[in-house]
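Work through the exercises below with the structure open. Try each task before reading its solution.

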Amino acid sequence: MATIRVFSLILSVLSIITLLWTQSGECNNGRRLGDAVDTDFSGFSVPLEHSFEIDDVPRFRLRGALQFRGGRENGVYLAQNQLSEKDRNTMKDVAAVDGLYRIRVPRVSLQVDRQTEKQSEGYITAFVRACSLVESHLSDVITLHTDVSGNVIGISIVTIPGSCRGIEVEDEVDLEVFNTTISVVAPVTAPVPETAPYIERMDQEMEKKGKNPQEQKSFFAKYWMYIVPLVLFLMMSGAQDQSGGGGGAGGGAGNGGGR
Amino acid sequence: MAWLVVRLAISLSLLYTASAVFEDQVGKFDWREQFIGKVRFALFDTHSQASKKLLVATDKNVFASLNSRTGDLFWRHVDKTGPEGHIDALLMYGQDAVVVVGNGRLLRSWETTVGGLKWEAVLDTGSFQAAALIGVQDFVKYVAVLKKSAISLHDLSSGSQIWVENLPDSDTVQYQTIYSGGNGLVFVLGFVPSSHIVIVEYKIEDGEIMKKKSVEAAWMSSLENSCAVISSGNLLCVDQTTQSLYTLPLQSAEHTEMRQIHLQTLDLEVASGFQPVLTSTQPNPAQPPLAEFFLQLSPDHHILLQLKDDLIAPLRDFNPSYLAAFATSGEKTVAAVMTPKNDTACSINLFSADTGRRHLDTTIIYHMDPNGGKPNRLYVHAFLKKDDSVGYRVMVQTEDLTLTFLQQPGRVVWMREEALADVVTMEMVDLPLTGTQAELEGEFGKKADGLLPMVLKRLSSQFILLQAWMAHLWKLFYDARKPRSSVKNEVTIDTLSRDEFNLQKMMVMVTASGKLFGIDSKSGTVLWKQYLEDIKPDSIFKLIVQRTTAHFPHPPQCTLLIKDKDTGLGSLYVFNPIFGKKSHISVPALPRPVLQTLLLPVIDQDYAKVLLLIDDQYKVTAFPSTKNVLQQLQDTASSVFFYLVDSSQGKLSGFRLRMDLSTELIWEVVIPTEVQKIVAVKGKRANEHVHSQGRVMGDRSVLYKYLNPNLLAVITESTDIHQERSFVGIFLIDGVTGRIVHEAVQRKARGPVHFVHSENWLVYVYWNSKFRRNEFSVLELFEGAELYNSTVFSSLDRPHPPQVLQQSYIFPAPISTLEATLTEKGITSRHLLVGLPSGSILSLPKMFLDPRRPELISEQSREENLIPYAPEMPIRTEWFINYNQTVSRVRGIYTAPSGLESTCLVVVYGLDIYQTRVFPSKQFDVLKDDYDYVLISSVLFGLFFATMISKRLAEVKLLNRAWR
């Protein structure tokens with residue numbers, strides 16, 4: 001039963017996508033058309049839904065479909081509708097009352113082999129202020145976050161620019177088409193203490209030292225032949241002038257004690 | 001050459017950060033209090049008359065010796081936490097104390113004078129039942145340990161095992177007690193529930209079973225609690241259902257069933273639902289116990305009975321009486337009984353055990369603390385006076401874990417607050433202003449009432465100030481003449497006032513037993529305490545400071561949220577943190593479990609911050625909820641966001657407040673629990689200040705910090721615990737938008753994870769399961785070379801993700817807890833305070849945890865004072881801020897800013913409490929203690945006069961030249 005539902009869901013989504021292509025013939029995430037046509041349907045897709053209501057009670061409608069490509073680099077592609085006249089007006093009204101624009105996707109796993117075994121339960125949701133979406137002329141950045149095993153755990157939406165300055169968007173055309181950048185982000189592997197390069201560096205230092213002993217010698221080792229006579233000379237002169245030297249030393253000690 | 005420079009740089013940087021306490025600074029601004037926990041066993045050393053030792057074993061697995069004259073610790077041994085170090089039994093004979101540890105795992109003998117271990121014996125496995133000292137011919141030589149299926153006898157002087165024997169039918173019979181009357185036999189008593197008692201008799205020399213018999217006892221449900229051996233081997237049991245006492249001579253062969261004595265024949269009755277308790281006493285293990293015993297019939301009814309010629313006769317009835325205990329000194333055994341006197345006091349009297357007659361002039365009045373709990377244990381130390389009469393002292397333990405040691409006629413010799421061994425949470429509150437300062441403040445607060453009264457009031461307050469200043473000067477002068485040690489300011493609740501630099505604060509501590517404490521941070525004196533009754537164990541506490549001391553004349557206000565662990569139902573307790581008084585403000589009832597609390601910066605007309613409580617139906621309760629507050633909440637509702645964490649489902653969700661105080665779900669992040677589980681979520685501290693917005697780089701450009709106050713650090717641990725596949729997940733999530741700002745996994749890592757989240761960084765410690773070591777990792781977030789919006793930060797308007805830098809280091813020690821220092825303005829560099837299991841507190845400069853530490857040193861990194869990367873974190877002994885004052889079982893570290901920017905107040909709590917100050921950038925705003933005032937002033941004056949003289953000379957010279 002569950003598999004049938006999934007199958008029908010996928011079918012319906014696919015039909016929407018194909019419908020989209022035939023209608024607009026354009027994809028909005030910056031890819032070339034030919035690229036999209038070449039896509040084989042080895043991946044799968046999930047619906048992306050959005051909601052923007054004056055009364056702020058979420059009623060989610062289909063915004064587009066996220067098409068994931070199986071394989072190593074989690075490629076994702078978003079096919080989405082234009083906003084209808086009615087939606088555009090609602091959007092502007094919602095923006096005027098500082099309402100929220102929400103999106104949601106079902107919880108899925110991006111690993112294709114897991115698709116069949118687990119039916120998604122629940123959604124993950126995110127929001128952005130409707131006014132910022134309007135003011136940015138529907139330019140949004142959607143990021144899907146996955147965990148280590150490829151489950152989608154979070155979605156985020158931001159608009160660029162993200163501010164709400166109360167600028168009136170007159171042109172209806174600006175609110176027709178989403179200009180969406182979409183990406184999937186997997187967790188980064190945190191670095192571990194880098195012992196190997198450190199040891200290598202230490203070894204190099206040692207090697208250098210071994211190769212060129214002259215250069216690595218300490219200051220004293222290098223110039224002892226100058227220092228020793230100097231010290232000797234000073235001592236000799238000090239011995240000769242005992243009384244003056246003693247007074248100087250006493251003064252020095254006094255200064256030291258004062259600190 | 002480069003290497004030399006590197007080394008020079010390292011040593012210079014170390015020189016800069018190195019700071020330790022000088023010898024003469026010890027104890028100047030730090031103090032430590034040591035605790036033991038709830039006493040389970042306490043024995044007085046009656047070996048010699050002058051002995052001051054009191055041996056205690058506690059539920060915190062602590063075995064210690066207290067000075068019974070002062071209450072100080074002679075020595076203390078802290079064993080492992082949990083069942084492994086649990087102290088099962090404590091026996092004492094002469095100078096030796098025998099302890100059974102870890103459910104009968106170890107048998108140890110301690111020398112009680114210095115606390116040295118004499119011997120230790122590892123016992124066979126099996127759950128512990130009982131232990132007893134065994135005497136032969138008036139001399140105690142052995143100790144017997146009864147396990148579930150075996151009994152073993154050990155030599156008391158060496159610990160060597162004499163013999164071990166398996167108990168017959170141990171799978172059906174529950175053996176629970178050992179008894180020996182010093183006649184060469186050891187009796188082991190067991191029973192089969194609701195059937196019969198089994199008595200096995202062993203020969204001491206070789207463990208041979210001499211006799212084994214079973215006696216009918218169908219009513220028996222537990223041997224341990226309801227039976228006792230009295231008077232040369234008579235087993236005495238009490239049963240509530242049949243309202244009877246049963247006796248049985250252990251040694252006689254002919255008795256096959258116990259003799260029943262109805263309590264009714266003695267005119268006694270056990271209170272319904274109360275399990276009666278028998279208390280007997282065996283003053284010398286080598287001799288049979290006394291024939292007298294206590295029978296407790298109800299919580300406040302004891303009776304002293306005597307078994308004589310197979311007859312039980314009551315000696316004295318104590319009704320009402322709370323507690324009763326036996327004590328022996330020399331040949332005399334006495335019984336101390338605590339009886340209620342009036343509502344606030346109890347009287348303790350001494351009775352001779354063999355007759356039940358009251359000793360004259362032995363009353364001790366015990367005053368119950370109105371803010372404390374009821375007494376629940378009584379320990380008596382009896383001694384013989386010069387005239388051969390019996391004197392005594394008592395130690396009373398109350399429900400709130402206060403130990404009070406009293407002597408006649410009721411003088412409290414010492415008191416220990418053992419609830420402080422288990423501090424759960426704490427806050428530091430500024431002390432109030434002095435009376436005169438408050439007077440001046442009050443003047444501005446009041447409404448004006450005419451010009452003349454105002455002038456008069458001003459003049460009078462100025463005069464009071466002048467007076468106070470003169471008094472202060474006089475005191476300074478007076479104190480200066482006295483030797484320093486004799487100047488001691490006793491801190492009492494009346495003399496509390498803020499000092500110049502706000503270094504002295506009130507520590508409000510919440511303990512697991514439900515007792516609150518107000519402690520002066522300078523001296524460690526407990527200034528107030530309050531016991532909250534009816535607190536279930538394992539409750540969750542959250543302490544919130546709603547109003548600080550800054551709003552005179554409104555008193556400061558703290559709110560404690562107490563949440564039941566199982567039901568989640570909460571209650572609020574509002575109090576004044578300076579005086580500990582319960583506030584009379586009406587608190588909202590919380591009929592539903594509380595999920596989250598939120599302290600808003602919104603304040604009501606009385607300057608109390610508004611606390612929002614979110615229940616499990618996502619409804620919000622505001623406290624205080626005056627009209628003013630509700631109005632303000634409505635205005636700001638759209639900008640009030642909060643988050644909830646459901647770690648059982650791995651769900652993090654964000655909500656926004658609506659006008660009508662309902663909420664709406666706005667974001668949801670679900671971390672599947674099959675892969676990883678959320679272990680901790682932490683935001684940043686609300687009172688934290690960040691002084692600099694960015695870091696100046698080597699090339700003079702600025703790298704701006706990503707300072708998101710709403711950022712949450714979520715730490716997860718993998719469910720797969722295989723060492724190759726386990727990992728620790730780190731999520732940085734914006735608490736307002738639910739945006740995952742950064743997501744990282746630390747592979748081959750395991751918890752427990754300790755972490756600090758502050759400014760623009762997160763430091764966490766984990767266990768590397770591959771290399772088997774602890775590692776530190778630091779994450780820093782930067783906006784980049786330009787700020788998106790430099791005036792204000794809004795989570796809703798920060799579209800660009802931050803740059804994340806991370807570096808990891810090896811830490812060569814295990815750690816117990818982690819915290820960061822905090823200062824008033826955030827100018828001082830930060831240090832991390834690391835609590836080590838050894839009890840030391842390491843103050844680690846944050847400088848060493850900087851992801852920008854370069855691999856290879858360059859001109860620019862040198863310019864920036866970056867230490868070259870080294871994989872191992874150094875531990876320097878001078879970084880230990882608590883020198884030799886180790887803190888056992890560090891649970892938490894609390895940091896608070898002081899009035900001085902350089903100084904951060906630190907409180908470390910665990911089994912002990914340690915308070916100190918740290919100076920992460922040294923005391924740059926304070927003159928040194930040994931600052932040479934004479935030198936600097938003489939130089940100043942000298943220069944001044946020199947200028948005067950040279951000026952005069954120059955004038956003369958000029959005049960002379962003009963004449964020429």
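This is a predicted model: local features need pLDDT of at least 70, side-chain atom pairs count only at pLDDT 80 or more; totals for chains, interfaces and linings use all residues.

Residues are numbered from 1 along each chain as its sequence is written, chains are lettered from A in the order in which they are written, and side-chain values use heavy atoms, without hydrogens and water.

**Exercise 1.** Size up the contact of chain B with chain A.

Step 1: count residues. On chain B, 49 residues touch 45 residues of chain A (contact means heavy atoms within 4.5 Å).
Step 2: take the area. About 4,000 Å² is buried, and carbon and sulfur atoms give 55% of that (buried area is the accessible area, 1.4 Å probe, that two parts lose on being put together, summed over both).

**Exercise 2.** Find a salt bridge between chain B and chain A.

Step 1: apply the cut-off, a side-chain nitrogen of Lys or Arg within 4 Å of a carboxyl oxygen of Asp or Glu. The count is two.
Step 2: locate one. A:Arg102 bridges to B:Glu664, with the closest N and O atoms 2.8 Å apart.

**Exercise 3.** Classify the ring pair B:Phe63 and B:Trp110.

Step 1: recall the rule. Rings of Phe, Tyr and Trp (its six-membered ring) pair if their centres lie within 6.5 Å; planes under 30 degrees apart are stacked, over 60 edge-to-face, the rest tilted. Over all chains this gives 27 aromatic pairs.
Step 2: apply it. The centres of B:Phe63 and B:Trp110 are 5.9 Å apart and the planes stand at 50°, so the pair is tilted.
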